[in-house]
Amino acid sequence: MKILHTSDWHIGSTFYGKKRYREYNNFFAWLHNFIQENQIDILLISGDIFDTALPGNTAQEQYYSFLIGLQKTSCKHVIITAGNHDSPSFLTAPKNLLKSLNIHVIGTISQPADEQSYDEIIGINENNEEIIILAVPFLRERDLQTISITDDYDTRAEKIVQAIKNYYAKLTQTALAMKKEKSLLLAMGHLAIAGSVLEEEGERELYIGSLAQISAAIFPKEIDYVALGHIHSAQKIANCEHIRYAGSPLAMSFSEKSSAKKMILLETGNELKIQEIQIPEFQKTLKISGDLAIIRKKIEELKTLDTSVWLEVEYKGEEEFNLKDILYECIKNSKIEILKFKNQNLLNKYAYQESTEKNLEDLTPDTIFENILINSPYAEKNKQALLACYHEILSQLQEEDSNE
């Protein structure tokens, strides 16, 4: 059996203000062909299907058109879990209809009276093989019943980690009681695990205060492969071949250009084979930096490609002049667009104004709030208390499902 692990599609996302419908159309066409040509049996999508809780009509059309198109391929089963960007109720609204097409959508965890009836435990039999998949979506605090609103910041973080570990352990034990001796056990998840390489931009901490505390040890040793989502760069965790992030198929920021976009292909047999599959770049994005002469030279080189290029330009020269006007003249009548601009000279000169000099897309709510606290007259103890309150409010806002 062949299983394809992907995640973090973020359908409907924009790239520094640019719509990406063409990129997504090209990605879905390529993915459809890959699945058919390589005779993929199962597709796993580990969260953040859409970029927002209420995706637009075009994003929805692209999503459903792709899923319906899979019916004409070798892919017999699709397992979709919600991420922190997704609305669980929106994602699962057509759940019963999709299930008739062997497309399983898990938006939130179930609370069955009978432990054998977890929606998250999905058994698949194909080609005389059995695979059991623990389809775990993004876990919100309200899903983890051991968390108390009265707990202090550190205690709540510890309880979150323990509750996640207990949940995977419970699902695993239930699945083991169901599985045959040689059946594979796979798990999905949408969370940040300690040791994962975070990109400079694009990902948000999922659990207050706990990002560095959730270790790969939360996954029971009986699980043969863990298909993770949330981190946008493909990577294995804790030097474990079987615990992996697939990463996003499209770059979500210029900083994600540090690594090629990939998917993970699993092939069953005498042993589980794991292979990284590189995804083509459907829109060229590039960061260039240096003084004016270097930047001009690189732009002229890009012009010769005669293809669409989205640029981040970081100026590191010492001269002071109207740099933007000069650069826009350089790209005139070309297919190059400058979507992000940094003048490192000004940033260094006015370092004390760093938070206001940065581009808006560089700032996160955490950065802004922490900068305010640093410059506030409050005692350090009070600052930590305010920070804990802030994280609690932000966490509650992220957990709200606007469709409920």
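Rings of Phe, Tyr and Trp (its six-membered ring) pair if their centres lie within 6.5 Å; planes under 30 degrees apart count as stacked, over 60 as edge-to-face and the rest as tilted. This is a predicted model: local features need pLDDT of at least 70, side-chain atom pairs count only at pLDDT 80 or more, and totals for chains, interfaces and linings use all residues. Residues are numbered from 1 along each chain as its sequence is written, and side-chain values use heavy atoms, with hydrogens and water left out.

**View 1. An aromatic cluster around W9 and F28.**
One aromatic cluster is formed by W9, Y24, F27, F28, F66 and F282. The count of aromatic pairs comes to 17. W9 and F28 form an edge-to-face pair, 5.3 Å centre to centre, with 65° between the planes. W9 lies in the loop between strand 1 (2-6) and strand 2 (14-15) and F28 in helix 1, so the pair ties together parts 19 residues apart in sequence. Helices (H or I, at least four residues) and strands (E, at least two) are DSSP runs, numbered from the N terminus. Both W9 and F28 are buried. Buried means under 20% relative accessible area, exposed over 50%, and partly exposed in between (1.4 Å probe, protein chains only).

Six strands make up an open sheet, in the order 6-5-4-1-13-14, with mixed pairing. Two strands pair if DSSP finds at least two bridges between them. Strand 6 (103-106) and strand 14 (273-278) are the edge strands, and each pairs on one side only. Neighbouring strands of this sheet are turned by 20° against each other on average, direction ignored. Strand 13 (residues 262-267) pairs with strand 14 in the antiparallel sense, over six bridges. K273 in strand 14 is the bridge partner of E267.

**View 2. The largest nonpolar core.**
A nonpolar core is a set of buried Ala, Val, Leu, Ile, Met, Phe, Trp, Tyr and Cys residues joined through side-chain atoms within 4.5 Å. The largest one has 35 residues, and L43 and I80 touch the most other members. At least two residues each come from helix 1 (21-37), strand 4 (42-46), helix 2 (57-69), strand 5 (77-81), helix 3 (88-92), strand 6 and strand 13. Helix 1 gives the largest share, six residues. Another core, of 32 residues, lies apart from it, with I132, L134, L144 and F219 among its members. Which residues does L43 touch, not counting residues up to four places away in sequence? They are L4, T6, W9, I35, F66, L70, C75, H77, V78 and I79. Contact means heavy atoms within 4.5 Å.

**View 3. Helix 1 beside helix 2.**
The axes of helix 1 and helix 2 come within 11 Å and cross at roughly 10°. That makes helix 1 roughly parallel to helix 2. Axes are lines fitted to C-alpha atoms, for helices over the stretch in contact, and angles run from 0 to 180 degrees between N-to-C directions. Angles under 35 degrees count as roughly parallel, over 145 as roughly antiparallel, 65 to 115 as roughly perpendicular and the rest as oblique. From helix 1, Y21, Y24, N25, F28, L31, H32 and I35 meet T58, Q62, F66 and G69 in helix 2.

Y16 is found in the loop between strand 2 and strand 3 (18-19). Its phi is near 50°, a positive value in a residue other than glycine. Y16 is partly exposed, at 21% relative accessible area. N102 lies in the loop between helix 4 (95-99) and strand 6. Phi of N102 is near 65°, again positive in a residue other than glycine. N102 counts as partly exposed, at 33% relative accessibility.
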